[in-house]
Amino acid sequence: MLLTDTHAHLDFVDFDPDRDDLFQSMRSQGIGNVILPGVEPAQWPRMLTIAQQFGWRYALGIHPWYLPTSDVEALEQLEQLLQQYHADKALVAVGECGLDKLRAKRMAEQGDAKHWQRQRRLFEQQLGLAEKFSLPLIVHAVQCHGEMLPLLQRAQHRQGGVIHGFSGSFEVALQYWQLGFRLGIGGLLLNPAAKKLRAAAAKLPVAALLVETDSPDMTPINAPFSRNTPLTLLAVVAELAHLRNLSVVQLSEQLEANCVQLFER
């Protein structure tokens, strides 16, 4: 059985020098697949090419850090691509999309007072596209659970999705799980200071969890290199198994089943 890194940006230029070698290392260490999230229109063609080259799965979306010049034009492009690739079983979600209040605060300090409103509008539109094309969501949610949860409650998105890079409490995680959203657990779990996340990961139903790396970002605190890679997934799974008093094999089987249940079309 091979694990899936459910969130890794391996199409980014950070991996251009050694993407082929990394692919081979991943396969040899039991990481068989990756989901590449979309972040902006300019990135989608490159991501699609790399996904096809390596047989990886992918999502299409507009990240709240990469707001387009024209929201209307970008959403039209997104809808067109979702329609064009809808028959491709490698297209597994709409995303990475969502809300990032920290980013909005920083942009407001730089004079962009409408950044938060645009984030919300774009996310709500992508929620609608996920519903239209019957796809789950890959959700970016930073310092915004108070806004994100009501949005998802109102939408009642039937396909669910994943709250990527989750770092919150058990109580918040449980609310997402009850709405049909799994929690993406990454390298932050390896930080002993991440007490809320570690407690949540230990207590949530195993069926609520997915594992990811967010490569090349979110490098674990004790990693020897600054660039994160999907190879970190092995340490994340091992730590999660330890917290839950399960064998790595048992946990890996359940995590992969969770991935299949959410993303397989």
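The residues that line the second largest pocket divide into 5 nonpolar, 4 polar and 1 charged, where Ala, Val, Leu, Ile, Met, Phe, Trp, Tyr, Cys and Pro count as nonpolar, Asp, Glu, Lys and Arg as charged, and the others, Gly among them, as polar. The structure is a predicted model, in which local features need pLDDT of at least 70 and side-chain atom pairs count only at pLDDT 80 or more, whereas totals for chains, interfaces and linings use all residues. Residues are numbered from 1 along each chain as its sequence is written, and side-chain values use heavy atoms, with hydrogens and water left out.

The lining of this second largest pocket consists of Thr219, Pro220, Ala223, Pro224, Phe225, Arg227, Asn228, Thr229, Leu231 and Thr232, and about 180 Å³ of space lies within the pocket. A pocket is here an open set of points on a 1 Å grid over the protein atoms alone, where a 1.4 Å probe fits, with protein on both sides within 12 Å along at least five of seven lines, and lining residues have an atom within 4 Å of a point. Grid points are joined across faces, edges and corners, and a volume is the space filled by probe spheres set on the points. The largest pocket has a volume of about 420 Å³ and is lined by 23 residues, of which His140, Val142, His164, Asp214 and Met218 lie nearest its centre. By class, its lining has 9 nonpolar, 10 polar and 4 charged residues. Strands β5 (137–142) and β6 (161–164) each supply at least two residues of the lining of the largest pocket, and β5 gives the most, with 3 residues. Helices (H or I, at least four residues) and strands (E, at least two) are DSSP runs, numbered from the N terminus.

An open sheet is formed by 8 strands in the order β1-β2-β3-β4-β5-β6-β7-β8, with parallel pairing; two strands pair if DSSP finds at least two bridges between them. Because β1 (3–5) and β8 (209–211) stand at the edges, each with a single partner strand, one side of each is left without a neighbour in the sheet. The twist averages 30° from one strand to the next. Within the sheet, β2 and β3 pair in the parallel sense over 2 bridges, and the bridge partner of Ile35 in β3 is Arg57. Strand β3 (residues 57–60) also pairs in the parallel sense with strand β4 (residues 91–100), over 3 bridges; in β4, Leu91 is the bridge partner of Tyr58, and Val94 stands opposite Leu60. Arg57 and Ala59 point one way from β3 and Tyr58 and Leu60 the other way, and all are buried, buried meaning under 20% relative accessible area (1.4 Å probe, protein chains only).

Axes are lines fitted to C-alpha atoms, for helices over the stretch in contact, and angles run from 0 to 180 degrees between N-to-C directions. Leu209, found in strand β8, counts as buried because its relative accessibility is 0%. Leaving aside its neighbours within four places in sequence, Leu209 is in contact (heavy atoms within 4.5 Å) with Leu183, Ile185, Ala201, Leu204, Leu240, Arg244, Leu255 and Asn258. The C-alpha atoms of Leu209 and Trp44, 165 residues apart along the chain, are separated by 27 Å.

Trp44 is one of the buried residues of helix α2 (residues 44–54), the others being Met47, Leu48, Ile50, Ala51 and Phe54. What covers these buried residues includes α1 (19–28), β2, β3 and α3 (71–84). Helix α2 is followed by Gly55, whose phi is positive, near 75°.

Helix α4 (residues 101–109) and α5 pack at an angle of about 145°, with their axes 8 Å apart. The contact is made by Lys101, Arg103, Ala104 and Met107 of α4 and by His115, Trp116 and Gln119 of α5, and by class it has 3 nonpolar, 2 polar and 2 charged residues. His115 lies in helix α5 (residues 115–132) and, at 4% relative accessibility, counts as buried. Apart from its neighbours within four places in sequence, His115 is in contact with Pro64, Leu67, Arg103, Ala104 and Met107.

How values were computed
Buried means under 20% relative accessible area, exposed over 50%, partly exposed in between (1.4 Å probe, protein chains only).
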